[in-house]
Amino acid sequence: MEVAAKPLPPSAQRVQAALDAAGVATRVVELAVAARTSQQAADALGVEVGRIAKSLVFRAVESGRAVLVIAAGDRRVNEAAV
């Protein structure tokens, strides 16, 4: 597993704190290598791509508001449904 030894940046620390507060038993990690795709992240961590959470941000057509979707790395997001 190629995980950075240095502390998480403040933004990642806030995400970890929110997960902890919500009772989600998981750990935020920062990779030592670039991972622009779910597959690259899975390869770097030595896990199946379905265990990777990917985040996608869409802009709502009518309101113009941002919509955050978090999906498993092995799943496609139906943009029309979003």
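The largest pocket of this predicted model is lined by 27 residues. Lying nearest its centre are Arg27, Val28, Val29, Ile52 and Ala53. Two or more lining residues come from each of helix H1 (10-21), helix H2, strand S1 (53-59) and strand S2 (66-72). H1 gives the most to this lining, with 4 residues. By residue class, the lining of the largest pocket divides into 17 nonpolar, 5 polar and 5 charged residues. The space within the largest pocket comes to about 960 Å³.

Serine 38 counts as buried because its relative accessibility is 12%, under the 20% cut-off. Leaving aside residues up to four places away in sequence, serine 38 touches Val49, Ile52, Lys54 and Gly73. One of these contacts, Ile52, is also among the residues nearest the centre of the largest pocket.

Attention now turns to charged side chains. Side chains of opposite charge can pair when their charged atoms come close. A search of the whole structure finds 1 salt bridge. In this salt bridge, the side chains of arginine 75 and aspartate 74 meet at 3.9 Å, N to O. The two partners fall into separate accessibility classes: arginine 75 counts as exposed because its relative accessibility is 52%, over the 50% cut-off, whereas aspartate 74, at 41%, counts as partly exposed.

Methods. Residues are numbered from 1 along each chain as its sequence is written. This is a predicted model: local features need pLDDT of at least 70, side-chain atom pairs count only at pLDDT 80 or more; totals for chains, interfaces and linings use all residues. Side-chain values use heavy atoms; hydrogens and water are left out. Buried means under 20% relative accessible area, exposed over 50%, partly exposed in between (1.4 Å probe, protein chains only). Contact means heavy atoms within 4.5 Å. On a 1 Å grid over the protein atoms alone, a cavity is a set of points where a 1.4 Å probe fits but cannot get out, and a pocket is an open set with protein on both sides within 12 Å along at least five of seven lines; lining residues have an atom within 4 Å of a point. Grid points are joined across faces, edges and corners, and a volume is the space filled by probe spheres set on the points. Ala, Val, Leu, Ile, Met, Phe, Trp, Tyr, Cys and Pro count as nonpolar, Asp, Glu, Lys and Arg as charged, and the others, Gly among them, as polar. A salt bridge is a side-chain nitrogen of Lys or Arg within 4 Å of a carboxyl oxygen of Asp or Glu.
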